[in-house]
Amino acid sequence: MNTKNIAKNLFAGLLLTSAIGTAMAEAPYPAETRFVSTKSRAEVVAELQQARANGELLVSDRNRDDKQMASAKTRDEVRAELAQARANGEMHVTDQ
C-alpha cells in the first residue's frame, strides 16, 4: 500500500466513526427533567431528625430483618457432610 491509500483509509475510518457517534448521540436517555423540590431545606432536616429519633433510618448496609442464627452443627460436622456430599457426587465443584 502506498501512502495515499493509507491516508484515504484512515480518513474513511475517521469519517465512519464520527458518523456512528453522531447517530448514536441523538438524545439522552432517560430524558433529562429538572427536579423541583416541594419542601424547604428546614423541612427536610426536621424530617431527618424525626426519623433518627424514631429509629427509622437504616444506618448500615445490612437489612434490618437479618437475624444472626446460631448453628446447631459443629464445624467438623459441616466439613464431614461436605466431604460426604462430594464423595456421593452431590457437589459439583467448578472454578467458576
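This is a predicted model: local features need pLDDT of at least 70, side-chain atom pairs count only at pLDDT 80 or more; totals for chains, interfaces and linings use all residues.
Figure 1. Of its 96 residues, 2% count as buried. The protein exposes about 9800 Å², and carbon and sulfur atoms supply 56% of that area.

**Figure 2. Helix H2 covers residues 41-54 and is followed by a glycine.** With 14 residues and a value of 1.5 Å a residue, helix H2 should span 20 Å, and this agrees with its end C-alpha atoms, which are 20 Å apart. The expected span is 1.5 Å times one less than the number of residues, because that is how the span is defined. After H2 comes glycine 55, whose phi is positive, near 75°.

**Figure 3. A salt bridge joins lysine 39 and glutamate 47.** The closest N and O atoms of lysine 39 and glutamate 47 are 2.6 Å apart, and the pair counts as a salt bridge because the cut-off for such a nitrogen and a carboxyl oxygen is within 4 Å. Lysine 39 has a relative accessible area of 40% and is therefore partly exposed, while glutamate 47, at 43% relative accessibility, also counts as partly exposed. The label follows from the cut-offs, since partly exposed lies between buried, under 20%, and exposed, over 50%.

**Figure 4. Helix H3 covers residues 75-87, with a glycine following the helix.**

**Figure 5. A salt bridge joins lysine 73 and glutamate 81.** In this pair, the closest N and O atoms are 2.6 Å apart. Glutamate 81, with a relative accessible area of 42%, is partly exposed, and lysine 73 is partly exposed as well, with a relative accessible area of 41%. For the model, the count of salt bridges comes to 2.

**Figure 6. Glutamate 90 lies in the segment after H3.** The side chains of glutamate 90 and asparagine 88 are joined by a polar contact of 3.5 Å. Glutamate 90 has a relative accessible area of 56%, and so glutamate 90 is exposed.

How values were computed:
Residues are numbered from 1 along each chain as its sequence is written. Side-chain values use heavy atoms; hydrogens and water are left out. Helices (H or I, at least four residues) and strands (E, at least two) are DSSP runs, numbered from the N terminus. A salt bridge is a side-chain nitrogen of Lys or Arg within 4 Å of a carboxyl oxygen of Asp or Glu. Buried means under 20% relative accessible area, exposed over 50%, partly exposed in between (1.4 Å probe, protein chains only). Accessible areas come from the Shrake-Rupley method with a 1.4 Å probe; for residues, only the protein chains shown count as cover. A polar contact is a pair of N or O atoms within 3.5 Å; within protein, one must be able to donate a hydrogen and the other to accept it, and residues adjacent in sequence count only if both atoms are side-chain atoms.
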